[in-house]
Amino acid sequence: MAARCSLATLFPIQNQLDYALEEATTQQEKEELVYQYLKRLDEREDLKIPDFRTGLEWLNTEGPLSLQKELAGKVVLLDFFTYCCINCMHILPDLHQLENQHSVKDGLVIVGVHSAKFPNEKVLDNIRSAVLRYDISHPVVNDSEACLWHEMEVSCWPTLVLLGPRGNLLFSLVGEGCRDRLMLFTKVALHHYGDQGLLKSHAVGIKLYRDSLPPSILSFPGKVAVDSRNKRLAIADTGHHRILVVSSTGQLLHTIGGPQSGRQDGDLSKASFNCPQGVAFKGNIIYVADTENHLIRKIDLSEERVSTLAGVGSQGTDKEGGAMGPQQPISSPWDVTLGTAGSDEDNVLWIAMAGTHQIWALFLADGKLPRGSESKAGTCVRWAGSGSEENRNNAYPHKAGFAQPSGLAAAPEEPWSCLYVADSESSTIRTLALKDGAVKLLVGGERDPLNLFAFGDADGKGVDAKLQHPLGVAWAPEQSLLYVADSYNHKIKVVDPKTKQCSTLAGTGEVGDTVGPEFNKSCFNEPGGLCIGDGGKLLYIADTNNHRIKVLDLAFKTVSLFHIVTDCTDSAPTKPSGLTKVPMLPKSAARKEMPPVAVSAGQTVTMSLTVSLPEGAKLTEEAPSCWALSAEGNEWLLDSQVLTGNIVDLSQPLCVSAKLPAVMRESNSYLSLTLAIWVYYCTEAGKACMMKAASFSQPLQISASPKGEDVSVALAHAF
């Protein structure tokens with residue numbers, strides 16, 4: 001794919017349009033501004049972008065797509081995303097709406113360009129699961145090495161790029177909340193190029209993977225809750241947009257919602273949900289986090305009715321709250337659990353509000369939050385979290401920061417008296433004190449509140465333990481232990497809150513569906529939720545990507561399947577593939593050539609590189625930042641190898657050494673060593689994640705006389 005144009009060329013041109021649109025007052029005026037802008041772009045020949053590289057893995061298509069072939073004559077929207085990102089999830093409804101308004105025949109094709117943030121997200125099967133889970137029906141390409149990302153100089157997730165029928169850049173939108181601009185740009189572009197006869201109505205070979213799947217009773221179950229008194233479970237059958245109520249023996253008792261998404265209240269037979277996650281029992285009532293409807297729902301099994309308790313049915317941006325539930329906009333509630341706040345037992349429903357990175361409270365009866373004022377029944381209000389995406393602990397709940405909290409478990413008894421929070425994007429488990437709202441770290445992450453990449457898979461104590469995107473927690477009061485769904489590590493872990501010791505309980509760490517039966521021989525696939533049952537003897541697991549509920553017998557240490565009527569149909573076990581080659585250097589990379597240095601045969605050349613990041617930025621620990629040393633054209637200098645390594649700490653210079661051969665060959669070409677680096681970092685407050693690269697070419701002057709001392713070269717670069 002030949003290097004062509006990037007977003008750096010487009011932004012100065014589009015900025016003029018953006019300023020003009022801010023001043024425009026009518027829709028007609030805005031459309032005319034976009035028309036004139038497109039006419040000016042049509043006169044330029046320097047806005048064509050590179051095509052997709054050959055050999056990439058595609059989903060939802062009959063084969064690879066090309067901007068010069070299958071997509072020629074189409075307006076193409078590229079969605080650069082990574083599947084764990086809540087902001088990327090938030091723009092999917094915008095894309096669905098766009099697809100409903102403009103078909104492929106009309107001339108619009110949306111292509112998701114998955115540019116992985118974490119190694120676990122580079123695996124095709126994991127991306128396929130996310131495509132199914134999020135009901136993505138447009139083509140998706142696995143750009144695992146972020147080639148197009150680098151070529152186009154994309155800088156953060158999500159980024160939308162609209163292309164014209166010649167593969168030419170038209171517009172770019174960064175972040176969520178750009179629906180109006182997206183609809184405006186797309187509508188005008190389709191009309192503009194349609195009027196010129198440049199659009200083609202041909203079909204694109206779209207083949208949805210979901211259409212080839214056999215039916216299964218569960219589809220990506222996200223959470224599970226137990227009603228020990230009545231010996232039954234509630235399962236959030238997320239992919240089927242429904243809640244299942246089953247007996248402890250597996251007999252199906254109620255099916256509420258599904259199989260299509262919706263937001264209808266009323267009789268159990270007519271009610272509908274949209275990707276529900278968290279569920280919590282209180283007698284014959286089930287509270288539901290109806291995630292993609294941005295609602296809190298109530299299922300009353302006695303009255304056989306569903307009602308809405310909080311939310312307005314669309315994503316909210318309010319980070320304070322305080323209105324009555326049905327008038328209070330909320331954002332992507334991911335889990336719920338019952339608690340007590342200044343009044344009767346279970347008078348409040350705690351909510352993990354992933355979309356605004358906060359913990360909220362929905363009062364089921366009058367009460368009072370710690371450090372808060374009195375609240376009437378029905379009030380929905382923020383309890384903890386500033387709304388900034390951070391890993392910040394603080395004695396004052398409003399000053400603390402969470403990062404996509406996705407799991408909750410209440411431990412009201414002394415000495416714990418807290419709410420446990422699975423804070424997925426900081427890869428931590430946090431505690432939220434029920435007495436005063438203080439937020440503290442339990443395990444995982446690190447002490448820097450701005451580093452959201454301190455992830456890994458390590459047993460240990462407190463901050464020395466490492467998790468990867470945990471989505472669920474369950475408290476066992478009988479044992480005083482906390483169980484954790486360590487989702488991206490495909491493990492179940494257990495934490496002793498007294499010692500802060502975190503240990504692997506079950507799972508090998510490999511993706512799979514093996515049922516041991518021993519704990520250490522069982523496999524999971526991104527388990528999203530779990531709950532304790534039978535007086536602390538059983539642990540129910542929502543093994544999300546395996547479409548199963550599994551049961552861990554904590555007494556006998558065995559794993560078994562929880563059968564619901566018939567066996568579930570599951571995909572075959574897969575093994576994630578790791579990084580097998582050095583990433584390609586993007587064209588935006590800084591390239592520096594150093595002054596020649598004299599060397600002789602057998603000497604060791606050490607390149608010492610000092611790297612500086614922008615103020616407030618933080619290197620992503622254990623993310624795939626790396627370096628490579630090569631000798632292009634004279635590979636014999638390095639014994640025909642490319643030396644590579646990880647970059648995990650920039651507080652000290654990066655030192656890379658290479659011992660030259662004892663016998664130097666004669667060469668007609670220029671001898672040099674090239675050190676290349678790829679650095680992943682987050683800007684201040686985690687507002688954007690960057691991938692940057694640079695290379696340093698060190699010419700070598702071969703001296704015939706041997707030299708005893710090694711050669712050191714000092715390099716420096718600031719991103």
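Modeller: In this predicted model, helices α2 (residues 27-42) and α7 (residues 179-195) have axes that come within 10 Å and cross at roughly 55°. Axes are lines fitted to C-alpha atoms, for helices over the stretch in contact, and angles run from 0 to 180 degrees between N-to-C directions. Helices are DSSP runs (H or I, at least four residues), as are strands (E, at least two), numbered from the N terminus.

Colleague: Which residues in α2 meet α7?

Modeller: Contact means heavy atoms within 4.5 Å. Q27, K30, E31, V34, Y35, L38, K39 and D42 in α2 meet residues of α7 including L184, F185 and H191.

Colleague: At what angle do α4 and α7 pack?

Modeller: The angle between helix α4 (residues 92-101) and α7 is about 25°, and their axes lie 10 Å apart. α4 and α7 are therefore roughly parallel to each other. The contact involves P93, D94, L95, Q97, L98 and Q101 of α4 with R179, L182, M183 and T186 of α7.

Colleague: Is R548 buried or exposed?

Modeller: Buried means under 20% relative accessible area, exposed over 50%, partly exposed in between (1.4 Å probe, protein chains only). R548, in strand β34 (residues 548-553), counts as buried because its relative accessibility is 14%.

Colleague: What conventions apply?

Modeller: Residues are numbered from 1 along each chain as its sequence is written, and side-chain values use heavy atoms, leaving out hydrogens and water. As the model is predicted, local features need pLDDT of at least 70 and side-chain atom pairs count only at pLDDT 80 or more, while totals for chains, interfaces and linings use all residues.

Technical notes
Angles under 35 degrees count as roughly parallel, over 145 as roughly antiparallel, 65 to 115 as roughly perpendicular and the rest as oblique.
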